[in-house]
Structures are given as C-alpha cells and as structure tokens.
Amino acid sequence: MEQRIANSLKILTEADKEACETVRVSENEPLSGKKRLFIESYGCQMNFSDSEIVASVMRDAGFATTSDVNNADLIFLNTCAIRDNAEQKVRNRLKQLNFIKKNKPGMLIGVLGCMAERLKTKFLEEEKMVDIVTGPDAYRDLPRLVEEAETGQKGVNVFLSREETYADISPIRLNSNGVTAFISIMRGCDNMCSFCVVPFTRGRERSRDPYSIVKEAEDLFRDGYREVTLLGQNVDSYKWKPEANGENETVVNFADLLEMVAKVSPELRIRFSTSHPKDITDEVLYTMKKYDNICKYIHLPAQSGNTRVLELMNRTYTREWYMERINAIRRILGEDCGISHDMIAGFCTETEEEHRDSLSLMEYSNFDFGYMFAYSERPGTLAAKKYRDDIPEDVKKRRLAEIIELQGRLSLERNQRLVGTVQKVLIEGTSKRSEDDLCGRNDQNKMVVFPRENFKKGQYVDVMITECTAATLLGYALQPEPVLN
C-alpha cells in the first residue's frame, strides 16, 4: 500500500507540473478525397475546445483531420503562452516539423492561439518555416489565410475581437471518448492578474448566447455524450444580455445558465471551469445544490494564501475573502464537495512567512487536488513591467516542493474519507493500466478504477470504494446492471 501511495504522489506531481504543457493530437477522420489537417494542441481546456472549432472551420474548407503528421498537407500547432516551458516545447516541435516540411515542399505550417497572439509577426521572423500565424479570435479567417499561404505569402491575422464567440460553429470533437465534451460559454478575460498573459492573448471578456449553449448540450446528449464541461476563463462573470437590451429584457447570469443546461436531461452531468473567488456567488452554489446532475466540484484558484501577495497579483480579494468562499461552499454543498486550486510558489517579493500562509490556506481549505507552479515571469504582463522577479530559482523549487508535498497528503486524506462509501461513476473508458479495468469519475471529479465485468463506456455504475491512492479511488461495482442517474 505504501508503494502504491508513493507512486500516486509521483503521478500527481508530474500531472501538476505538466498541466499547462499537455499535448493532444487530432484523430484520423474516415473521409476520402480531402486534404489532411494535423492539429497539435497545447495547454488548457480552452485550447482543446478551440481546436475543435478550427477542425470544423477547416472541414468546410475541404480538410479532414489526421493523427499522422507525415500524412498532413497542413499542420496547425495550437499554442499556450502561460509558461515559458510551454512556448519552448512549441519551438522544439517546430524544429522537428521543419525536417518533415523539407521533404514535403507543399506542406504548410500554422501557429495558432496564445503564443501566436503574443508574438504576432515577430514569430514569422523567428521561425522561418511557419506560414500562418493566427490568434484565438481569427479562426474563421483560416481558410483565406491557408489560400494566401499556398501562393507563397505569409498568412497573418491576430486581430482580437470584442464580439467573436464562435456560437454558430458546431465543433468537431477531437480526441473524444464519446462520453465527455467541452462547451465554450465565453471568451477572453477582463481580470488583469499581474502574472497572466490571457487578457493580452485572448482579449476582452464576452459571453455566448445561452440558447446556443443549451442547443449544443442537447445535441451532445442526443449523440450519446453524458457529461459536458462549461468553459470560460472566469465562468462566474458570465452575463448575456439580449441584443434588444431593453429595460425589461432578461439578463442571463451564470447561475441561470447552469440551470438551463442542467434541465437538458437529468442523465447529463454538468461541470464547469474556471471559477474566480471574487465572483462565485451563493446563487451559483444553491443552483448546484438544487440539481443532482450538476457535479459537486469547484476549481477555485487561490494563487497565494497571503493578502499582500494577492494584492501584488491584482487578484482583487483577500485571504479572508477566499476563506469565506470556502466556508460558503462547505456550508451550502457540504464537506464532500470537491475543491481544487491553483497555487504559485515564489511570486515577486514573497517572504517565507507569506509562503507559509499559502500552506496554511491549503490546510484550511482541505483541497482535493491542485495545479501548482513556480512563478514564471511572462513578457508583457503587469508583473514583468512593475516587479522584479527576485526569488532565487532554488527557493522557488523548494517552496513548490513543499506545496506539492502538502497537497499530496491532503489529496490522500480526502480520498481516504471515501473508502467504504458507494460512489456513482460515469464510465469514460478502459483504465490506462489494465484492459481488465474500467475508469471514470465520480461527482467530485475523482478518478475511479474498477473491474470491467459487463459494463460499457457511457454508463453510470455504483462503485464500492475499497482502497485509494492520492490520485485514484479503487473499488468494485455493486450491481450487475448500470444505474440511471
């Protein structure tokens, strides 16, 4: 058991360290007579969702996706700019792709997303093999940019929009398990956290028409999907006003939207990400409580446990405010509600005492898991302009290690509470470790592994939890047939 716990902590640590450098590749579409598009997506769920929009736009332009880069006529790298490591991974990948391109002169390479938006035309100067540079709000323009690049010109569109939400585009699901899917409900961000590049790479915040969101959820449910995650940089600030915008027109906020999607079907699970501590309301929490199919799990980034550091980060809340939001979650949704966090180690001028405040906030909040990073200065951010990155790397690494170690203990303790309980699990597929086991997530977003028996992907099953690691719950199915939600 000790070895299994040690292994799970190692897995958790690596997942946390690589969270923003995850890579997903497009799949082979069984379509003939079309040019082939290879999409490699880096970073966050928003990027993966955007790649599905790109695939749909390019389908209409005569392209089908492929998982074989050597078979591609067009390669898109959908990039992340939140950490330097993510950008360096893209640079290294382009060097590899250059060798392929030399042997296939007609091949085109495009760089999309946040890194493209941050560097703009400078990227074309630095990476000569790149033909197309496109920001997150210009994906409708990709067919024209590809045609331009086919004539030998460089195709560039990094215009940031105040209106674009891609609400009318039906995404092509990439890397889909056929059970879970993302739905983008808004784009951009109006928060100016001093460490973050997102407002500069994704533009101002705008909310998508709620009726198009509900329709997408209905379509997914009809196609066999049983869980959707509503995506936004700050979902709690979702606010849609009808174009008429009369005084008596109804404004739809995030709690309203959650309810609308929850009503699609009681068999459709609803998740959402990401929440902001300054904006998450009791109304949202009570809506979650009202509907069984809204998962009792909240990702609530903290970033620091010290008020002075939070002020430097321009997070616009205090340590006490964050703790009050944790109290509200526990009061309204109960102790079993899953809560995860983001935490930055070694932000500018952070002292040892302030670092310990982050550790004590983690203890107080009793987080289920987290995404934890050492501070990485990003060019163009407010922090890069105003503050000196003055914490030595060895100190950052040591503080990060302490945060990760603590989270490992908290994760294990939170999972141990569920040993001996029955958890309803939505089966997502086969376990990575054994073809004899299936895996899926419970309400609190915890991975559960259990023997396959006669169950299938997309079914709900009641699982008795018999043991756990810090990252996984293990058990066996109680009933011979799947359960209704």
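The crossing of helix 10 and helix 12 is right-handed, where right-handed means that the near helix is turned clockwise from the far one by less than a right angle, and left-handed means anticlockwise. Helices here are DSSP runs of H or I with at least four residues, strands are E runs of at least two, and both are numbered from the N terminus.

Before going on, the ground rules. This is a predicted model, in which local features need pLDDT of at least 70 and side-chain atom pairs count only at pLDDT 80 or more, while totals for chains, interfaces and linings use all residues. Residues are numbered from 1 along each chain as its sequence is written, and side-chain values use heavy atoms, with hydrogens and water left out.

Confidence next. pLDDT is the predictor's confidence in each residue, from 0 to 100. The protein averages 90, and 92% of the residues score at least 70. Over residues 1-21 pLDDT stays under 50, and the model has 35 contacts beyond four places in sequence for that stretch; a contact means heavy atoms within 4.5 Å. Where pLDDT is low, the predicted coordinates should not be read in detail.

Back to the helix pairs. Helix 10 and helix 12, residues 319-333, pack at an angle of about 25° with their axes 10 Å apart. That makes helix 10 roughly parallel to helix 12. Axes are lines fitted to C-alpha atoms, for helices over the stretch in contact, and angles run from 0 to 180 degrees between N-to-C directions. Under 35 degrees counts as roughly parallel, over 145 as roughly antiparallel, 65 to 115 as roughly perpendicular, and the rest as oblique. On the helix 10 side, Asp282, Leu285, Tyr286, Met288 and Lys289 meet Arg325, Ala328, Ile329, Arg331, Ile332 and Leu333 of helix 12. By class, this contact has seven nonpolar, no polar and four charged residues. Nonpolar covers Ala, Val, Leu, Ile, Met, Phe, Trp, Tyr, Cys and Pro; charged covers Asp, Glu, Lys and Arg; the others, Gly among them, are polar.

Helix 10, residues 282-290, also packs against helix 9, residues 254-262, at about 15° with axes 8 Å apart. These two are therefore roughly parallel as well. Phe254, Ala255, Asp256, Leu258 and Glu259 of helix 9 make the contact with Glu283, Val284, Thr287, Met288 and Lys290 of helix 10. Here the classes are five nonpolar, one polar and four charged.

In the loop between strand 14 (269-273) and helix 10 lies Thr274, joined to Ser273 by a cis peptide bond with omega of about 10°.

Helix 13 passes helix 15 in a right-handed crossing. Asn366, in the loop between helix 13 (352-365) and strand 17 (369-374), has a positive phi of about 55° although it is not a glycine.

Finally, annotations. UniProt positions follow the numbering used here, feature names are shortened, and annotations may be inferred rather than shown by experiment. An unreviewed UniProt entry lists "domain: MTTase N-terminal" over residues 35-151, a stretch that is 47% helix and 22% strand. UniProt also gives "domain: TRAM" for residues 416-479, with 2% helix and 53% strand. Which residues does the "binding site" annotation cover? Cys44, Cys80 and Cys114, according to the unreviewed entry. Although spread over 71 residues of sequence, they cluster in space, with a largest C-alpha distance of 10.7 Å. Cys80 sits in the loop between strand 4 (74-79) and helix 3 (84-102).
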